[in-house]
Amino acid sequence: MKKAPFYLTLLLCWCGVVRAQYTGNTMKLTTEKPFVGQAIEVTYNPKNTKLAESPSVDATIYWLRTKGEPIAQSYSLAKKGETFETKITAPTDAVAFCIVPQYEEKKDFNNGLTYAFLLYGSDGKPLSGSYAGLGYAYANYYYDMGLEDREVETAKALMEKEFTLYPANKRKFFQEYMFTFSSRKEEDKKQLLAEAEALSKNSDLTEEEMGTLQQAYQRTQQKEKAEAVVKRKEEKFGKKEDRMASYSSFLRKKAPIAEKKKEYEQLWKTMPAEPKPMDWQYMKYIYSTYVRMLADSNRWDDFKKVIAEARPEVKAETMQTYNSLAWDWAKKGEKLEQATDLSKQATEWAKAQITQPRMASDPTAKTDAQLRKSRESQYSMFADTYGYILLKAGKNAEAARYLEDAAVTYGNYKNAEINERYVEALEKVNPPAIKEIAEKSIKKGKSTDAIIEALKQTYTQKKGSADGFDTYLADLKRIASENAKAEIREKMILKPAPAFSLVNLEGKPVSLADLKGKTVVIDFWATWCGPCISSFPGMQKAVDKYKNDPNVAFVFVDTWQTEEDKRKNAADFIEKKKYTFNVLLDDKDEVVTSFKVSGIPTKFVVDKSGNIRFKSVGFGGNTDILVEELSTMIALANENSQP
């Protein structure tokens, strides 16, 4: 199913040793203790960074707050000799900030540490909430910063610094603090329970604090204590609907569509007058789910009525649903007239959004430029759907215009399938244009067999034969390989890999120290993880490719399993699939925690000296690309092995 991407606007500042503020020489401020309202001069020297040769530098400042997502602002830096300079002023509700210098698409994240700074009061102390705001950012806001992952241990340590400096703030930030504790670690559960017990002793807890206390007891499996808090809360504030439970019930409970209709209407009826962001997040998802249910049940009168009566805040979700339905119908060759109508509406709406001013509902953690880019990406996807439908209807010239927008104008050749559809349209309306489009698609590493075949036909028609085509294609692919290698090189990091020793399925101990001197690929996975399993055919190809190379080793760390016999569970799976993986058992989930993994599959490439050089999260769905990218990472790790 073709869906609009769901972005969590997140930010992470650094891993490793907890520091509250960047203190190096690359980035300098007017003062070591900047404060709100001050015109802060920023001086950036890119000499030893990824931007060393950049002719100009821009920067995004993420102003961190104690509540709400960061505020992102863009700045252009003026070149002065070897440095670049600008002036910034903190918003009144900011408590800390991070600076990300960049040139075009290249960004300097200080080798994964980021340039982060606290804000101070007139007494010279960090502002109340500064450590907490920074800690909350480390745990929750990393996506837009382009950094690796959540850093909950750092977040917890910063929160505790906050509470040492401002003891009263433990209650204020208890909910944020609670989520830095892992429900998988016994030590964390014990500490969280102790913190919850201390909070419960306060006689003046607010309704919100009692809700947080209830959550803390639930996270530590203290069912009776959680129920006691609910009773205490109801006695003091009256019985109220548990909206989170209602959200979960609607999304998880299977029921006839008539019953779902009643649930849906009740949820909107009880929507708070001033909804919290979380309420909107759930209700938008519930709205999308419900209208899709109606469509799949062919309840078109209800479908139209719900959409007609929908609040303006869910307009984007309506258009995403239109696009998704149109795509699914077109792929099946069904309801093409309806698909055309819905897709046209969605596409025209998305095109108009590109130039719309920023709205209150837009994420503050995106700059205007970033927001426009995400809108362009959405239009590209919607235009692709509409172009595809027009192509199926034989409206080739019109299809080509929309597919050009999708693939080139707004897509910048980033999607191979969209590029292929545009080439298909060009075959029907403008064959000579195929050469340029196909060449650029191949050079960017975003081509398909169909694109290559179309290029071959164009080449043959022009030359009179296919002689020389293979050499011509090889040159294009060489450029693609060089570009891909340059992109992957930009993702290189340099961090010591955590030491570990685990037992494999044969009962033999395997430690990272034993593998020193080799480039090691560590793949964290679980038998219940769909993307992990989907990636394994590609991982088997990679293992086979390097099976005779004594300098490369693969280990597959089975983690986050709940089965009683974890060894048998993993062994049965591997044997059934006939994979030749060296599987290690992370029975206590300690190694996955030490590598700060928050989702699987996650792969690390560790160089011969024991340093992490690459981290890759998830699986893109293409086996050959997985093998190619992993091979490039291994080669680069070999070239750049550092003690």
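# A guided tour of the predicted model

Start by selecting lysine 335, in the loop between helix H12 (315–332) and helix H13 (336–353). Helices (H or I, at least four residues) and strands (E, at least two) are DSSP runs, numbered from the N terminus. Phi of lysine 335 is positive, about 45°, although this residue is not a glycine. Lysine 335 is partly exposed, because its relative accessible area is 32%. Buried means under 20% relative accessible area, exposed over 50%, and partly exposed in between (1.4 Å probe, protein chains only).

Before moving on, know what is on screen. This is a predicted model, with residues numbered from 1 along each chain as its sequence is written. Local features need pLDDT of at least 70, side-chain atom pairs count only at pLDDT 80 or more, and totals for chains, interfaces and linings use all residues, while side-chain values use heavy atoms, with hydrogens and water left out.

**Colour by confidence**

pLDDT is the predictor's confidence in each residue, from 0 to 100. The protein has a mean pLDDT of 90, and 95% of its residues reach 70 or more. Select helix H15 (residues 396–409): confidence is highest there, at a mean of 98. Then select helix H8 (residues 243–252), where confidence is lowest, at 82. Now pick residues 1–18. Here pLDDT stays under 50, and the model has 79 contacts beyond four places in sequence for this stretch. Contact means heavy atoms within 4.5 Å.

Go to glutamine 221. Look in the loop between helix H6 (207–219) and helix H7 (223–237). Glutamine 221 has a phi near 60°, a positive value in a residue other than glycine. Is glutamine 221 buried or exposed? Glutamine 221 counts as exposed because its relative accessibility is 52%.

**A cis peptide bond**

Next, select isoleucine 600 and proline 601. The peptide bond between them is cis, with omega near 5°. Proline 601 sits in the loop between helix H22 (590–594) and strand S15 (602–606).

**The cavities**

Rolling a probe the size of a water molecule over the atoms shows where empty space is left. On a 1 Å grid over the protein atoms alone, a cavity is a set of points where a 1.4 Å probe fits but cannot get out; lining residues have an atom within 4 Å of a point. Grid points are joined across faces, edges and corners, and a volume is the space filled by probe spheres set on the points.

How many cavities of 30 Å³ or more does a search of the whole structure find? The search finds 2. To see its lining, select Leu64, Arg65, Gly68, Glu69, Pro70, Gly133, Tyr136, Ala137 and Tyr141. Helix H1 (residues 130–140) gives the most to this lining, with 3 residues. By class, the lining has 5 nonpolar, 2 polar and 2 charged residues. Ala, Val, Leu, Ile, Met, Phe, Trp, Tyr, Cys and Pro count as nonpolar, Asp, Glu, Lys and Arg as charged, and the others, Gly among them, as polar.

Aspartate 93 touches Leu64, Arg65 and Ile71, not counting residues up to four places away in sequence. Find aspartate 93 in the loop between strand S5 (83–89) and strand S6 (96–103). Aspartate 93 counts as partly exposed because its relative accessibility is 36%. Draw a distance to lysine 67: the two C-alpha atoms are separated by 9.1 Å, though the residues are 26 apart along the chain.

**The nonpolar cores**

A nonpolar core is a set of buried Ala, Val, Leu, Ile, Met, Phe, Trp, Tyr and Cys residues joined through side-chain atoms within 4.5 Å. Select Tyr264, Trp268, Tyr287 and Phe303. Of the 67 residues in the largest core, these touch the most other members. Helix H14 (residues 368–392) supplies the largest share of this core, 9 residues. Zoom in on tryptophan 268. Leaving aside its neighbours within four places in sequence, tryptophan 268 is in contact with Trp280, Met283, Tyr287, Arg311 and Val314. A second, separate core has 55 residues, including Phe554, Val555, Ala571 and Tyr579.

Glutamine 378 lies in helix H14. This residue counts as buried because its relative accessibility is 15%. Draw a line from glutamine 378 to alanine 571: their C-alpha atoms are separated by 43 Å.

Technical notes:
1 Å grid on protein atoms, 1.4 Å probe; cavity = no way out; pocket = protein on both sides within 12 Å on 5 of 7 lines; lining within 4 Å.
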